[in-house]
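Reader: I've got a model open on my screen. Could you show me how to read a few of its features?
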Amino acid sequence: MQTKTQGMRNVVDIASVRKANVVTSEGVFSGAEILAMDLPPISHIVSDMLTSGVYMLSGSPKVGKSFLALDMAVSISTGCEFLGHRVTQGTVLFFGLEDTIQTISQRLRMLYLHDGETECLLDNIFFETSAPRLEDGFLEHIENFKRLHHNLRVVVIDTMQMVVKVAKDYQLMSEQIGELKRFGDEYGVSFILVHHNRKGKKTGDPFDMMLGSVGTRGAVTGSMVMLKLDSGLVELHIEGKNIQSDKLLLRCDNGSRRWLVCDELFLAMQSIPPAVQIIGEFMSERKAGWQGSARELIAEIPRLKTCVRENTITKVLQNNIKILELRYGINFKCSRNREKRLLAFTLNDTDESD
């Protein structure tokens, strides 16, 4: 742990701040002393998501916790963004305690090996498949590793119960997490504990789904909970000290198994309105532009009668301009002449219009 002197940088003359009749012990500071300190800002390893300390990453079995933890670990080791968040590069030690080296190799190849070449250098992340339990010298093991790798920033433990005894005992959980947290705060290291959600129905508070006592949530620096939705997408709920609570909607890339943040366009394309789909297919088959009124468009494509009214088709198209452009390669514009409102469609690779 940092001493009173080590915790201050460029401190204003404390003797002049402290009153003569005030006696404090080592590690005790008055408010005036704290305000007089020029302290560095809290360092984020992953911006608005991860600082030093202890973080829980929890989710149901097979939801993709290990892939998310591995992707975060590699992102930190390479300095690449993680789920759109900036990263401070550092060394990572990853404990795959329920895996073999073959399993880890398979996951790395799936995530980062494409066309025979890796997308990023993986010489700053290290893996172990066994570890002593916390009471048997785990932190001494980490300290020895840090002596060899001074820039150690993150330690991932997959899964938590292989190192920490998971219990409903509030005091026991607080003491165990507290040991890790003191180490993390002292050395600027973040421990990510991969854990399980409770079985059963979801509660109103996603963080209540984490298995274990309430002491776990209270003791950690922050928590991340993965909840699978009926659609197959996953909500990642984030909370913690010194970060803003957040919720990300994630989708799993079928090819690489990497988790990606769903943007508005992706969500919209998941449920393309039937009228937009029909017009997109019509234009793709036509392979030429088209211009006319809403009534003329419905006359041209009789199938539209079953899913959209003449007086609403313009609004539907305007609300889905991006989908028409990116999904079907169609540019849509609406204009008006003296007689009627005109709908105009052109293909991205041509300027034709009828």
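Predicted model: local features only at pLDDT ≥ 70, side-chain atom pairs only at ≥ 80, totals over all residues.
Author: We'll go through a helix pair, then some backbone features. Residues are numbered from 1 along each chain as its sequence is written, and side-chain values use heavy atoms, with hydrogens and water left out.

Reader: At what angle do helix H3 and helix H4 pack?

Author: Helices here are DSSP runs (H or I, at least four residues; strands are E, at least two), numbered from the N terminus. Axes are lines fitted to C-alpha atoms over the stretch in contact, with angles from 0 to 180 degrees between N-to-C directions. Helix H3 (residues 65–78) and helix H4 (residues 101–112) pack at about 70 degrees, axes 11 Å apart. That makes H3 roughly perpendicular to H4 (65 to 115 degrees).

Reader: Which residues of H3 and H4 meet?

Author: Contact means heavy atoms within 4.5 Å. Ser66, Phe67, Leu70, Asp71 and Val74 in H3 meet Arg107, Leu108, Met110, Leu111 and Tyr112 in H4.

Reader: What is phi of Lys62 near, and is Lys62 buried or exposed?

Author: Most residues other than glycine have a negative phi, and most peptide bonds are trans. Lys62 has a positive phi, near 70 degrees. Lys62 is exposed, at 81% relative accessible area (exposed is over 50%, buried under 20%, with a 1.4 Å probe and protein chains only).

Reader: Which residues does a cis peptide bond join?

Author: Asp158 and Thr159, with omega about 10 degrees.

Definitions and conventions:
Parallel < 35°, antiparallel > 145°, perpendicular 65-115°, else oblique.
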